[in-house]
Amino acid sequence: MTESSNKNLYAALRAGFPSDLKSVAVETDDGLLYSWDDLDRASAMIANLLDALGLEKGARIAVQVEKSVEAMMLYLATLRAGYVFLPLNTAYRQSEIEYFIGNAEPEVVVCSSANASWVGPLAQAAGTRHVFTLDDDRTGTLLDVAGQCSDQHTVAHAAEDDLAAILYTSGTTGRSKGAMLTHRNLQSNAEVLKDYWGWRTEPPHDVLIHALPIFHVHGLFVAIHGALISGSRMIWLNRFDPKRVVARLPEATVFMGVPTLYVRMLGEPALTREACRNMRLFISGSAPLLIETFNEWRERTGHTILERYGMSETAMLTSNPYHAVSGERRGGTVGFPLPGVQLRVRNDQGEACLADDIGHIEVDGPNVFAGYWRMPEKTQEEFTPDGYFKTGDVGLVDGLGYVTIVGRSKDLIISGGYNVYPAEVEACINEIAGVAESAIVGVPHSDFGEVGVAVVTAKSGAALDGDAILGELKERLANYKIPKRCFVVPELPRNAMGKVQKALLREEHKGLFSA
Ligand code: MLC
Ligand code: AMP
């Protein structure tokens with residue numbers, strides 16, 4: 001088999017490593033240095049561990065661990081061994097994890113040692129054969145066993161349509177769906193962004209501040225792939241801390257964040273033009289960047305944030321231009337479709353919209369996922385007959401080709417860059433004793449952009465307390481999904497068809513958290 005016939009994403013990332021493998025690839029904020037060679041050898045050791053387990057092709061490796069460089073190595077190891085990486089948000093609670101593990105049926109589960117007492121039995125009950133621990137202080141059974149393995153490993157052969165990762169993304173109705181991403185989906189996107197954003201592939205390479213979680217598209221794919229495939233060093237923060245990021249800016253050239261990160265950094269007096277003197281590029285995405293933040297950032301730092309748009313199902317779709325010759329970076333827009341991405345806007349009747357007309361955004365391209373894990377009907381529903389994926393986002397393309405997202409047809413709240421599906425939270429509230437029904441609406445929030453507010457009615461004779469409801473929810477749902485307020489009301493507003501009028505509730509509560 002020739003090298004080029006191997007479409008394994010790790011091989012493509014590895015090809016981008018600089019020639020000096022002893023140079024620093026990752027520097028943690030507390031001063032640990034990892035060379036490119038360390039990344040390659042440690043991921044080889046973990047890959048050898050996985051290979052020794054005798055897993056089937058396509059086996060899922062589910063991972064719920066705190067962010068660490070070793071967790072990234074586990075991701076790289078999974079790729080290079082040819083298995084499927086399934087990252088899980090550390091905020092997920094027991095019932096959420098139970099669902100993901102039951103649905104994905106991973107052969108391997110890696111969790112923190114603090115959670116092993118409940119994740120282990122739950123995984124074994126679901127048929128998982130191997131459970132390891134991994135902590136953010138370079139300990140855990142995964143590293144103990146991998147430490148015994150060889151640091152030489154031949155990258156497994158992968159066809160371009162082989163699965164590389166499954167990302168669970170909440171459904172508009174019902175439970176989360178696993179978006180299946182192939183080696184081709186991820187590699188094509190990484191290659192396109194390498195060029196589009198001008199990553200420096202020759203010395204002096206870029207230096208990326210990595211401060212995002214690594215269980216979603218943004219931190220796991222866009223940031224890590226971008227740095228690795230261009231041979232760029234990463235300054236690695238396990239948690240986002242605006243003070244620490246601003247303190248490290250003078251050493252960096254690239255930063256990526258969700259809008260909340262930019263809002264919080266603007267609260268730091270040390271954020272100045274001087275601090276940003278070596279920066280080349282600030283990128284924002286995952287949620288709408290307010291034009292106020294865009295403008296304030298430009299005034300304070302002299303840099304124009306580049307906003308881009310993507311999804312778990314598609315990785316990156318559009319981006320504002322990097323090079324001035326391609327156009328200006330326009331605040332409030334998400335830029336142009338990336339090379340290779342076909343993006344169209346259609347009205348409710350399925351007709352193409354004219355420039356500036358608002359409609360449903362549909363996309364196609366090598367980055368568009370292979371479907372939802374074990375949900376062929378759902379997959380079919382989300383694609384048009386001619387093969388375009390229905391993003392659920394509503395927007396327009398202007399006369400110059402800039403895409404603007406104006407809303408969503410899916411009932412979704414994006415809070416601090418995390419997605420919250422009202423249907424999931426409502427279902428959870430409705431199970432609480434005494435609750436008759438509930439509605440979750442998204443309202444503006446000065447820090448998180450948008451947050452959920454719950455409006456609940458009681459069954460006759462039941463006495464409910466909003467704070468007690470939130471307390472119960474915290475046991476069952478990831479913290480960012482918990483509504484920031486809960487109101488108990490005599491009844492929910494309904495229209496003539498009996499449908500809850502969420503727009504009225506949104507209007508009523510819109511001033512709760514705006515600055
Ligand atoms: C934390 N909290 C949130 C929240 N994050 N509430 C609403 N929305 C959020 N996103 C709440 C917690 O419940 C807790 O409440 C309190 O804030 C403190 O929790 P914390 O964990 O200490 O918060 P903090 O570390 O400050 O986290 C905030 C954050 C984090 C903005 C740094 O949310 C974050 O890293 N967001 C980035 C998400 C991301 O990477 N998205 C990319 C998705 S990919 P209490 O009441 O318990 O005190 C994607 C595709 C694409 O969308 O295009 O990129
Ligand atoms: P996820 O399911 O977490 O991948 O979230 C994807 C969704 O985030 C998209 O469908 C959009 O609604 C939203 N999104 C991502 N980037 C942007 C952006 N720059 N502006 C507005 N919305 C965005």
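Predicted model: local features only at pLDDT ≥ 70, side-chain atom pairs only at ≥ 80, totals over all residues.
Buried here means under 20% relative accessible area.

**Stop 1**

Select Phe100. Its relative accessible area is 4%, so it counts as buried. Turn the view until you see both rings: they make an edge-to-face pair, 5.7 Å centre to centre, with 65° between the planes. Bring in Tyr92 and Tyr168 as well, and you have a cluster of Tyr92, Tyr99, Phe100 and Tyr168 linked by ring pairs.

**Stop 2: Phe17 and Trp36**

How many aromatic pairs does the model hold? The count comes to 20. For another one, pick Phe17 and Trp36: the ring centres are 4.7 Å apart and the planes sit at 55°, so this pair is tilted. Phe17 is in the loop between α1 (9–15) and β1 (24–28), while Trp36 belongs to helix α2 (residues 36–52), so the pair ties together parts 19 residues apart in sequence. Check the surface and you'll find both Phe17 and Trp36 buried.

**Stop 3: charges over rings**

Next, show Lys67 with Trp236. The charged end of Lys67 sits over the Trp236 ring, 4.7 Å from the ring's centre. Then jump to Arg344 and Tyr388, where the charged end of Arg344 sits over the ring of Tyr388 at 3.7 Å from its centre.

**Stop 4: the largest nonpolar core**

Nonpolar side chains tend to be buried together in soluble globular proteins. Which residues touch the most other members of the largest nonpolar core? Colour Trp197 and Phe255: those are the two, in a core of 155 residues. Helix α3 (residues 69–81) supplies the largest share of this core, ten residues.

Stay on Phe255 and show what surrounds it. Beyond its neighbours within four places in sequence, its contacts include Leu208, Val245, Met265, Met279 and Phe282. For a second, separate core, select Ala439, Val455, Leu492 and Phe513, which are among its nine residues.

**Stop 5: Met256**

Go back to Met256, in strand β11 (residues 254–257). At a relative accessible area of 1%, Met256 is buried. Setting aside residues within four places in sequence, Met256 is in contact with, among others, Trp197, Trp199, His218, Val222 and Ile283.

**Stop 6: Ser319**

Is Ser319 buried or exposed? Select it and look: Ser319 is buried, with a relative accessible area of 0%. You'll find Ser319 in strand β14 (residues 315–319). Not counting residues up to four places away in sequence, Ser319 touches several others, including Tyr196, Trp197, Glu307, Arg308 and Phe336.

**Stop 7: ligand 1**

Start with Arg264: an N or O atom in its side chain is 2.7 Å from an oxygen atom of the ligand. Over at Ser415, a polar backbone atom lies 2.7 Å from a nitrogen atom of ligand 1. Gly417 also has a polar backbone atom to show you, 3.0 Å from a nitrogen atom of ligand 1.

How values were computed:
Residues numbered from 1 in each chain as written. Chains lettered and ligands numbered in written order. Heavy atoms only, no water. Phe/Tyr/Trp six-rings, centres within 6.5 Å; stacked < 30°, edge-to-face > 60°. Helix = DSSP H or I, 4+ residues; strand = E, 2+ residues; numbered from the N terminus. Buried < 20%, exposed > 50% of the residue type's maximum accessible area, 1.4 Å probe, protein only. Lys NZ or Arg CZ within 6 Å of the ring centre and 35° of its normal. Core = buried A, V, L, I, M, F, W, Y, C linked by side-chain atoms within 4.5 Å. Contact = heavy atoms within 4.5 Å. Polar contact = N/O pair within 3.5 Å; in protein donor to acceptor, adjacent residues only side chain to side chain.
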